[in-house]
Amino acid sequence: CRKPVIASRSLGPNEIIINNKTGYLYTYGNISEMVLCIQKLFKNKKRRIDMGRLGFERAKNLFSIESYVSGVTEILESAFS
């Protein structure tokens, strides 16, 4: 959707989001930190657009079906060679 992401620092988001580049990560349970992240995006349209674009590109490159198939193929080829 090309939207920036705000998520708590945990295993999934830490692997996907680049903090301050493709979205914001905040400390789990720290509501004031989460609110600051929302405010930063709300106040800066260019930042929202840039983060969304970069996040989309990252997701497309790392998590597309083509990327997945390529990774599995590479693992299988190395296992059977």
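In β2, Tyr24 is the bridge partner of Ile6. This pair belongs to a predicted model. Strand β1 covers residues 5-8, and strand β2 covers residues 23-26. The two strands run parallel and are joined by four bridges.

A helix also takes part. Helix α1 spans residues 11-16. Together, β1, α1 and β2 make a right-handed β-α-β unit.

## A salt bridge across the sequence

Side chains of opposite charge can pair when their charged atoms come close. The whole structure holds four salt bridges. One of them links Arg9 with Glu33, where the closest N and O atoms are 3.4 Å apart. Arg9 sits in the loop between β1 and α1, while Glu33 sits in helix α2 (residues 31-43), so the pair ties together parts that are 24 residues apart in sequence. Arg9 is partly exposed, at 37% relative accessible area.

Helix α3 runs over residues 45-63. Here Lys46, Asp50 and Arg53 are linked in a network of salt bridges. Asp50 pairs with Lys46, with the closest N and O atoms 2.6 Å apart. These two residues are four apart, about one turn of the helix. Asp50 also meets Arg53 in a salt bridge of 3.8 Å, N to O. Asp50 and Arg53 are three residues apart, again about one turn of the helix.

How exposed are the members of this network? Lys46 is exposed, with a relative accessible area of 57%. Asp50 is partly exposed at 23%. Arg53 is partly exposed as well, at 42%.

## Cysteines without a disulfide

How many disulfides does a search of the whole structure find? It finds zero. Take Cys1: the closest cysteine sulfur is in Cys37, and it lies 20 Å away, too far for a bond. A disulfide needs the two sulfur atoms within 2.5 Å.

Is each cysteine buried or exposed? Cys1 has 88% relative accessibility, so it counts as exposed. Cys37 has 5%, so it counts as buried.

## A nonpolar surface patch

Six residues form a nonpolar patch on the surface: Ile65, Tyr68, Val69, Val72, Leu76 and Phe80. Together they have about 650 Å² of accessible area.

Where does Phe80 lie? Phe80 is in the segment after α4, the helix of residues 65-79. Its relative accessibility is 71%, so Phe80 counts as exposed.

Note on methods:
Residues are numbered from 1 along each chain as its sequence is written. This is a predicted model: local features need pLDDT of at least 70, side-chain atom pairs count only at pLDDT 80 or more; totals for chains, interfaces and linings use all residues. Side-chain values use heavy atoms; hydrogens and water are left out. Patches are made of residues with over 30% relative accessible area and no salt bridge: like charges are joined within 9 Å, nonpolar side chains (Val, Leu, Ile, Met, Phe, Trp, Tyr) within 5 Å. Accessible areas come from the Shrake-Rupley method with a 1.4 Å probe; for residues, only the protein chains shown count as cover. A salt bridge is a side-chain nitrogen of Lys or Arg within 4 Å of a carboxyl oxygen of Asp or Glu. Buried means under 20% relative accessible area, exposed over 50%, partly exposed in between (1.4 Å probe, protein chains only). Two strands pair if DSSP finds at least two bridges between them. A crossover is right-handed if, with the strands pointing away from the viewer, the path from the first strand over the helix to the second runs clockwise.
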